[in-house]
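Please read them alongside the coordinates.

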Amino acid sequence: MIPKKYRGPFIGSLTVMWFLGAASAYVVGDLVSGVGDQGWRWVLASAAVPAALTVFARAGTPESPRWLAGQGRVAEASAIITKIFGPHATLEIESGRSAGAIGPLWKSGYLGRIAFVTTFWTASVVPLFAVYAFGPRILAGLGLDGRVANMGSAVVTILLLVSCVIALTAINKLGRRTLLIHSFAWSGLTLLLLGLFPGSPVPVILCLFATYAIFTGGAQVLQLVYPNELFPTEIRGSAVGLASSLSRVGGAVGTYMVPIALDRWGIGPTMLGAAAIAVIGLAVSAAWAPETRGKSLADSARI
């Protein structure tokens, strides 16, 4: 129900909030680590707080007008639009496909877009999850030990949050396609330099990590923006859910591979592997990424 002018920044703000939560979790984990061997229990229990707040926040949230219209409940959809945006607002609805779960996706003609979203999403989260989850260990492998490594990881986390905010300001100016391509290109270059020169001086290492954090923001923000723009209402939920699930498989594999790669091959080859994944994301984006800036959902989802 977001007007197209604000759709990119509004949906992208969800990623900003993710990194805000991630940064907060980093601080909470550091504080609770001093509790003792049972500290992990308190970390898990703390997740109940935002979950409870979300339950209360959802109270009174209106149903999606597009979903209502797709179910033939046009009057309810129009009432919600009028209540939120005023009497002159209208709702454009895509049509021509039957709603459903995973099955209809294979016959929808959107498999190419699902492949694109899944691939670029995976390529953006694998290096990020690796850097975020094993930041102190990676920095230790690059010669930054102890408190310097912990502080460096905290700074990188904050910069990831800042980079997403910067991406939100650029998403309508640069466009989705340009932002994604540049994000993969420059963040991949910094990973490549980290892999080629793991023995660089500490200030250089920190600068490269900071540069990666700043440039990866575009790919991170577009993980939620692009999928919601590329599919019609009838299959949007299923398509986005499938792409998200598949990307998480890649993210999980990448996260588990990082400590193994660090032990077997060292920090240089590990960073080169992350750079290779970024290059895959760059190639797929250059070949398949459409431009959806300024288009209605009906137009951006049309193939």
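1. Helix H9 (residues 176-196) and helix H10 (residues 202-215) cross at roughly 160°, and their axes come within 8 Å. H9 is therefore roughly antiparallel to H10, a label used for angles over 145 degrees. Axes are lines fitted to C-alpha atoms, for helices over the stretch in contact, and angles run from 0 to 180 degrees between N-to-C directions. Helices are DSSP runs (H or I, at least four residues), numbered from the N terminus.

2. This is a predicted model, in which local features need pLDDT of at least 70 and side-chain atom pairs count only at pLDDT 80 or more, while totals for chains, interfaces and linings use all residues. Residues are numbered from 1 along each chain as its sequence is written, and side-chain values use heavy atoms, with hydrogens and water left out.

3. The crossing of H9 with H10 is left-handed, that is, the near helix is turned anticlockwise from the far one by less than a right angle. On the H9 side the contact (heavy atoms within 4.5 Å) is made by Ser183, Trp186, Ser187, Thr190, Leu191, Leu193 and Leu194. H10 contributes Ile205, Leu208, Phe209, Thr211, Tyr212 and Phe215. By class these are nine nonpolar, four polar and no charged residues. Here Ala, Val, Leu, Ile, Met, Phe, Trp, Tyr, Cys and Pro count as nonpolar, Asp, Glu, Lys and Arg as charged, and the others, Gly among them, as polar.

4. H9 also packs on helix H13 (residues 267-288), at an angle of about 160° with the axes 8 Å apart. This makes H9 roughly antiparallel to H13, and the crossing is left-handed. Residues of H9 in the contact include Arg177, Phe184, Gly188 and Leu191, and those of H13 include Gly268, Met271, Ala278 and Gly281. The contact of H9 with H13 has 15 nonpolar, five polar and one charged residues.

5. Which helices pack at an angle of about 10°? They are H2 (residues 39-46) and H3 (residues 48-58), with axes 5 Å apart. H2 is therefore roughly parallel to H3, the label for angles under 35 degrees. Leu44, Ala45 and Ser46 of H2 meet Ala48, Val49 and Pro50 of H3; five of these residues are nonpolar, one is polar and none is charged.

6. There are two cavities of 30 Å³ or more. A cavity is a set of points on a 1 Å grid over the protein atoms alone where a 1.4 Å probe fits but cannot get out, and lining residues have an atom within 4 Å of a point. The lining of the largest cavity has seven nonpolar, four polar and no charged residues.

7. The largest pocket (an open set with protein on both sides within 12 Å along at least five of seven lines) holds about 980 Å³. Of its 31 lining residues, Met1, Ser64, Arg66, Arg236 and Leu297 are the closest to its centre. H12 supplies the largest share, six residues. The lining of the largest pocket has 14 nonpolar, 10 polar and seven charged residues.

Terms used. Helices (H or I, at least four residues) and strands (E, at least two) are DSSP runs, numbered from the N terminus. Angles under 35 degrees count as roughly parallel, over 145 as roughly antiparallel, 65 to 115 as roughly perpendicular and the rest as oblique. Grid points are joined across faces, edges and corners, and a volume is the space filled by probe spheres set on the points.
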